[in-house]
Amino acid sequence: MRYRPYAPEDFDQLYAIEEVCFQPPFRFGRGYMRHLVLSLDAATWVAEENGWLAGFAIVERTREPGQPMAYIQTIEVMPGHRGQGIGAELMRRIEASARAMGAQTIRLHVDAENAGAIRVYQAQGYLYEGREENYYPWGRDALAYEKPLESGEAS
Ligand SMILES: CC(C)(COP(=O)(O)OP(=O)(O)OC[C@H]1O[C@@H](n2cnc3c(N)ncnc32)[C@H](O)[C@@H]1OP(=O)(O)O)[C@@H](O)C(=O)NCCC(=O)NCCS
């Protein structure tokens with residue numbers, strides 16, 4: 001598996017992963033996804049094998065007052081490639097990008113019912129910050145997680 005930054009020609013494959021991983025209304029629209037991957041405030045990493053994308057992750061710098069933060073917009077691995085450490089490696093890559101953007105903390109929201117993703121985040125050292133009711137469509141709750149980014153930490 002090769003890990004590299006997103007390139008514009010990846011878009012169709014990247015969006016095909018979104019379509020496999022999320023159904024409407026939970027899915028990002030094509031236009032919003034395109035906005036994210038093109039944003040100068042975001043970094044997108046892909047996992048690729050033999051010309052096919054197996055997964056990707058997007059982190060965005062947030063412009064809140066106070067300490068610089070980064071936010072994980074999404075992390076997605078194709079079902080046939082899960083459980084092989086790809087998600088964990090993508091997390092390491094986007095955390096390194098977040099540090100490079102100057103962020104001292106990285107945050108995310110996850111559907112409270114998404115037990116698999118929650119375990120991945122906990123395994124990666126993310127700390128539970130609280131529950132946000134009705135955060136997602138259909139009144140589904142989100143859990144907020146956060147991790148301090150040590151500037152000297154190996155990436
Ligand atoms: C969440 C997701 C990205 C994880 O990707 P992955 O490549 O399967 O994750 P990894 O193989 O790197 O696993 C990372 C860790 O979580 C654990 N883990 C992964 N999936 C798990 C599951 N379903 N149940 C229990 N543990 C799990 C692994 O054992 C591993 O732990 P370790 O580092 O201690 O060995 C993937 O399941 C996915 O794409 N899900 C659908 C999209 C989604 O929900 N994304 C999150 C949006 S908030």
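**Surface, fold and salt bridges**

Modeller: The accessible surface of the protein chain comes to about 8,300 Å², and 50% of that area belongs to carbon and sulfur atoms. Please keep in mind that this is a predicted model.

Biologist: What makes the protein chain as compact as a globular protein of its length?

Modeller: Begin with the pattern, which along the sequence reads β-α-α-β-β-β-α-β-α-β-β. The globule rule gives 15 Å for 155 residues, and the radius of gyration of the protein chain is 15 Å, close to that value, so the chain is as compact as a globular protein of that length. Along its principal axes, the C-alpha trace spans about 40 × 40 × 30 Å, and 48% of the 155 residues count as buried.

Biologist: Why is the contact between Asp-10 and Arg-4 called a salt bridge?

Modeller: The closest N and O atoms of Asp-10 and Arg-4 are 2.8 Å apart, and a salt bridge requires a side-chain nitrogen of Lys or Arg within 4 Å of a carboxyl oxygen of Asp or Glu, so the pair qualifies.

Biologist: How do you know whether Asp-10 is buried or exposed, and what is the case for Arg-4?

Modeller: Buried means under 20% relative accessible area. Asp-10 has 7%, so Asp-10 is buried, and Arg-4, with 14%, is therefore buried as well.

Biologist: What makes Lys-147 and Glu-95 a pair that links distant parts of the chain?

Modeller: The side chains of Lys-147 and Glu-95 meet in a salt bridge, at 3.1 Å from N to O. Lys-147 belongs to strand β7 (residues 142-148) and Glu-95 to helix α3 (residues 86-100), and the two are 52 residues apart. Both Lys-147 and Glu-95 are buried.

Biologist: Why can one say that Glu-146 and Arg-107 tie together separate parts of the sequence?

Modeller: Glu-146 forms a salt bridge with Arg-107, and their closest N and O atoms are 2.9 Å apart. Since Glu-146 lies in strand β7 and Arg-107 in strand β5 (residues 105-111), the pair ties together parts that are 39 residues apart in sequence.

Biologist: Why is Arg-107 called partly exposed, and what does Glu-146 count as?

Modeller: Partly exposed lies between the 20% limit for buried and the 50% limit for exposed, so Arg-107, at 28%, counts as partly exposed. Glu-146 has a relative accessible area of 19%, which is under 20%, and Glu-146 is therefore buried.

Biologist: Which residues do salt bridges that share partners join into one network?

Modeller: Such bridges join Arg-2, Arg-4, Asp-10 and Glu-48, and the structure holds 11 salt bridges.

Key: Residues numbered from 1 in each chain as written. Predicted model: local features only at pLDDT ≥ 70, side-chain atom pairs only at ≥ 80, totals over all residues. Heavy atoms only, no water. Helix = DSSP H or I, 4+ residues; strand = E, 2+ residues; numbered from the N terminus. Rg over C-alpha atoms; globule rule 2.2 N^0.38 Å. Buried < 20%, exposed > 50% of the residue type's maximum accessible area, 1.4 Å probe, protein only. Areas by Shrake-Rupley, 256 points an atom, 1.4 Å probe, with all protein chains shown as cover.
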